[in-house]
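Subject: Structure handover

Hi,

Here is the structure we talked about. Please look it over alongside the notes below.

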Amino acid sequence: TFKKAVKNATGFVVKYQIKGKKKVYTKTYKSNKKVTKVIKKLQSNKKYTVKVRAYIKSGNKIAYSKWTKAKTVKIK
């Protein structure tokens, strides 16, 4: 769950990775109506760091907001 900081956002980009690993996963959501997303197929008993940023698409141009601070989440 994240706060909707950009009112006119076209969508959101979520970046996550297992803490201490180099591989980064990215998911793009094209809707700005929901601010709750479920990421499936995560490994249990691992800590993940998660970041979110909004984007606005205008014609052929895309403007991104800054990344949020990284939040660490432990998967049960």
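Asn 45 is exposed, with a relative accessible area of 59%. (Exposed means over 50% relative accessible area, buried under 20%, and partly exposed in between, with a 1.4 Å probe and protein chains only.) Asn 45 sits in the loop between E2 and E3. Its phi is near 60°, a positive value in a residue other than glycine. Lys 41 is in the loop between strand E2 (25–29) and E3 too. Lys 41 has a positive phi of about 65°, although it is not a glycine. With a relative accessible area of 86%, Lys 41 is exposed.

Before the rest, some ground rules. This is a predicted model, in which local features need pLDDT of at least 70 and side-chain atom pairs count only at pLDDT 80 or more, while totals for chains, interfaces and linings use all residues. Residues are numbered from 1 along each chain as its sequence is written, and side-chain values use heavy atoms, with hydrogens and water left out.

Confidence: the chain averages a pLDDT of 84, and 91% of the residues score at least 70.

Overall layout: the chain has zero helices and five strands. (Both are DSSP runs numbered from the N terminus: helices are H or I with at least four residues, strands are E with at least two.) The order from the N terminus is β-β-β-β-β. The C-alpha atoms fill a box of roughly 40 × 25 × 20 Å along the principal axes. The chain has 76 residues, and 21% of them count as buried. Its accessible surface comes to about 6,400 Å², with 50% belonging to carbon and sulfur atoms. (Areas come from the Shrake-Rupley method with a 1.4 Å probe; for residues, only the protein chains shown count as cover.) Of the contacts with a separation of 6 or more, 56% join residues 24 or more positions apart. (Contact means heavy atoms within 4.5 Å.)

Next, the hairpin. E3 pairs with strand E4 (residues 61–64) in the antiparallel sense, over four bridges. (Two strands pair if DSSP finds at least two bridges between them.) Lys 57 has Ile 62 in E4 as its bridge partner. Two residues separate E3 and E4 in this hairpin, and Gly 59 in the turn has a positive phi of about 65°.

Which residues make up the largest nonpolar core? There are 11: Phe 2, Ala 9, Phe 12, Val 14, Tyr 16, Ile 18, Tyr 29, Tyr 48, Val 52, Ala 54 and Ile 75. (A nonpolar core is a set of buried Ala, Val, Leu, Ile, Met, Phe, Trp, Tyr and Cys residues joined through side-chain atoms within 4.5 Å.) Strand E1 (11–18) and strand E3 (47–58) are the elements that give two or more residues to this core. E1 provides the largest share, four residues. Not counting residues up to four places away in sequence, Val 14 touches Tyr 25, Thr 26, Lys 27, Tyr 29, Ile 39, Val 50, Lys 51 and Val 52.

Thr 49 lies in strand E3 and is buried, at a relative accessible area of 18%. Beyond four places in sequence, its contacts include Lys 15, Tyr 16, Lys 71 and Thr 72. Val 50 also lies in strand E3. At 21% relative accessibility, Val 50 counts as partly exposed. Val 50 and Phe 2 are 48 residues apart in sequence, and 11 Å apart in space, C-alpha to C-alpha.

Finally, the aromatics. The structure holds three aromatic pairs. (Rings of Phe, Tyr and Trp, the last by its six-membered ring, pair if their centres lie within 6.5 Å; planes under 30 degrees apart are stacked, over 60 edge-to-face, the rest tilted.) The rings of Tyr 16 and Tyr 48 have centres 6.3 Å apart and planes at 55°, so this pair is tilted. Tyr 16 lies in strand E1 and Tyr 48 in strand E3, so the pair ties together parts that are 32 residues apart in sequence. Tyr 16 is buried at 8%, and Tyr 48 is buried at 5%. The rings of Tyr 55 and Tyr 64 are tilted as well, with centres 6.0 Å apart and planes at 50°. Tyr 55 is buried at 9%, whereas Tyr 64 is partly exposed at 44%. Ring pairs also link Tyr 16, Tyr 25 and Tyr 48 into a cluster.

Best wishes

Key
pLDDT is the predictor's confidence in each residue, from 0 to 100.
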